[in-house]
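Here's a quick walk through one chain and the partner it touches. Have the structure open while you read.

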Amino acid sequence: MTQDATPTPPRGPNDTPRGDAPADERADAVAYQLLVPLLLIALLNGMHSPFTALLVKFAGGWYPPFLPAEPALVLYLAQLMVSTLTLMLAGIPAAVVEHVAARAQADGRRRTTFASMGAWLLGTALLTLPALGVMRQLLQAQ
Amino acid sequence: MDHPLIAYWYFHLPNFVLAALFWTLLGRFVLALFVPENWDNYIWRAFVRLTEPVVRIVRAITPAIVPPRMLLLLAALWLLVLRLGLFMVLAAGDLLPRLEG
């Protein structure tokens with residue numbers, strides 16, 4: 001019985017398309033610990049941010065016409081978008097921190113560090129401040 | 001009167017470019033699930049060539065922890081944000097094209 005001599009390319013979480021560094025090299029292991037609070041804060045912001053209402057108002061500009069015009073679905077997608085946009089915007093200062101740190105590295109390779117994740121978390125928390133006001137009003141109304 | 005496409009070119013032209021890039025990015029994301037990144041097919045290469053400048057910019061402003069394939073979706077979302085921004089700015093200035101008839 002013969003084996004196929006053609007090597008199979010690796011497919012998995014550490015797959016490296018476009019020659020990027022593998023996942024474990026893209027970040028310090030300790031940096032992963034900040035992912036959970038980061039995502040939770042962004043989720044909270046999506047649920048209560050005043051910008052969610054603004055996105056619902058302008059739904060005609062982004063809501064896919066092939067989806068059913070259900071208000072609940074529009075609200076859900078708006079919340080998802082605000083959460084994701086929070087992470088994207090707050091990720092800019094974190095990327096700047098990584099670029100600065102990469103210049104100090106011998107190989108010049110950009111990695112996510114605890115400091116850059118901290119910047120990301122701080123940025124996300126700052127963007128969530130308007131949502132805190134909405135949450136306080138909701139709690140007072142009850 | 002001018003054709004609406006010409007009269008409102010400042011809306012239609014950037015909107016068309018952003019929309020074309022948005023859908024090409026989504027197409028590249030879906031294709032990337034089934035084909036190798038260095039596939040030599042000309043359609044795949046066209047997808048990569050068209051979208052790579054946007055992906056490169058998004059990669060620069062995104063933390064390195066984000067997986068490379070996820071960058072395609074983030075780039076598409078940034079383009080959606082730009083389209084929404086264009087829509088809102090023109091709406092604020094009462095410059096959006098009007099439906100006639």
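What share of the 142 residues of chain A count as buried? In this predicted model, the figure is 24%.

Take the contacts in chain A between residues at least 6 apart in sequence: 72% of them join residues at least 24 apart.

Now for one helix pair. The axes of helix H3 (residues 50-57) of chain A and H4(A) come within 9 Å and cross at roughly 130°. That angle makes H3(A) oblique to H4(A), and the crossing is right-handed. On the H3(A) side, the contact is made by Phe51(A), Thr52(A), Leu55(A) and Val56(A). H4(A) answers with Val74(A), Leu75(A), Ala78(A), Gln79(A), Met81(A) and Val82(A).

H4(A) also turns up where the two chains meet. There, 24 residues of chain A are in contact with 19 residues of chain B. Helix H1 (23-26), helix H4 (71-104) and helix H5 (114-127) of chain A each give two or more residues to the side that touches chain B. The largest share of that side, 8 residues, comes from H4(A).

Here is how the two contact regions divide by residue class:

| Region | Nonpolar | Polar | Charged |
|---|---|---|---|
| Contact of H3(A) with H4(A) | 8 residues | 2 residues | no residues |

Terms used. Residues are numbered from 1 along each chain as its sequence is written. Chains are lettered from A and ligands numbered from 1 in the order in which they are written. This is a predicted model: local features need pLDDT of at least 70, side-chain atom pairs count only at pLDDT 80 or more; totals for chains, interfaces and linings use all residues. Two residues are in contact if their C-beta atoms, placed from the backbone, lie within 7 Å. Helices (H or I, at least four residues) and strands (E, at least two) are DSSP runs, numbered from the N terminus. A residue is buried if 20 or more other C-beta atoms lie within 10 Å of its own, exposed if 12 or fewer, and partly exposed in between; C-beta atoms are placed from the backbone. Axes are lines fitted to C-alpha atoms, for helices over the stretch in contact, and angles run from 0 to 180 degrees between N-to-C directions. Angles under 35 degrees count as roughly parallel, over 145 as roughly antiparallel, 65 to 115 as roughly perpendicular and the rest as oblique. A crossing is left-handed if the near helix is turned anticlockwise from the far one by less than a right angle, and right-handed if clockwise. Ala, Val, Leu, Ile, Met, Phe, Trp, Tyr, Cys and Pro count as nonpolar, Asp, Glu, Lys and Arg as charged, and the others, Gly among them, as polar.
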